[in-house]
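Subject: Structure handover

Hello,

Please find the structure below. Notes on what was found in it follow.

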Amino acid sequence: MSLEAVIDVLHVLSVVVLTISALLAVARIVVGPTVLNRALANDVLVATLVCTLGLEAVISDHSSTLPILISLSLLGFISTVAISRFVARDIDEDETTVAAPGLPAEPGGARRRDGR
């Protein structure tokens, strides 16, 4: 078996593994019971897409996809942070606060972590 045949088998195996990973991430996005599960699956899907584009760049032997990879990575990171902040804010608003001894409870019930 020649070196080129081994490399071709590795390329096919890599594509199969990345495809399975993407399908499992899409399944978690569809089935995921919570928003955080869907956000994590979205992050995995973006990472899989970045790996797929990186593999394509290696196979095709060109570097023109590097700006796309960086932009996609930043977009995935920012979207995950944004979703996490919104979910954390919703959780903070849903919780009721218990007043510390000697302090009156707030009339609204919920208080943000920064004291507002």
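In which helix does Ser-14 lie? Ser-14 lies in helix 1, where helices (H or I, at least four residues) and strands (E, at least two) are DSSP runs numbered from the N terminus.

Before the rest, some conventions. This is a predicted model, in which local features need pLDDT of at least 70 and side-chain atom pairs count only at pLDDT 80 or more, while totals for chains, interfaces and linings use all residues. Residues are numbered from 1 along each chain as its sequence is written, and side-chain values use heavy atoms, with hydrogens and water left out.

Overall fold. The protein chain has three helices and zero strands, and its pattern along the sequence is α-α-α. Of its 116 residues, 16% count as buried (buried is under 20% relative accessible area, exposed over 50%, partly exposed in between; 1.4 Å probe, protein chains only).

Helix 1 and helix 2. The axes of helix 1 and helix 2 (residues 35-60) come within 8 Å and cross at roughly 160 degrees. Axes here are lines fitted to C-alpha atoms, for helices over the stretch in contact, with angles from 0 to 180 degrees between N-to-C directions. The two helices are therefore roughly antiparallel to each other (angles over 145 degrees; under 35 is roughly parallel, 65 to 115 roughly perpendicular and the rest oblique). Their crossing is left-handed, meaning that the near helix is turned anticlockwise from the far one by less than a right angle.

Ser-14 counts as partly exposed because its relative accessibility is 28%.

Surface patch. Met-1, Val-6, Val-9, Leu-10, Leu-13 and Val-17 make a nonpolar surface patch of about 610 Å². Patch residues have over 30% relative accessible area and no salt bridge, and nonpolar side chains (Val, Leu, Ile, Met, Phe, Trp, Tyr) are joined within 5 Å, like charges within 9 Å. Leu-10 lies in helix 1 (residues 3-31) and is partly exposed, at 47% relative accessibility.

Loop and helix 3. Asp-61 lies in the loop between helix 2 and helix 3 and is exposed, with a relative accessible area of 69%. Phi of Asp-61 is near 60 degrees, a positive value in a residue other than glycine. Most residues other than glycine have a negative phi. Ile-68 is in helix 3 (residues 66-94) and is partly exposed at 46%; its C-alpha atom is separated by 8.6 Å from that of Leu-53, 15 residues apart along the chain.

Regards

Terms used: Areas by Shrake-Rupley, 256 points an atom, 1.4 Å probe, with all protein chains shown as cover. Salt bridge = Lys/Arg side-chain N within 4 Å of Asp/Glu carboxyl O.
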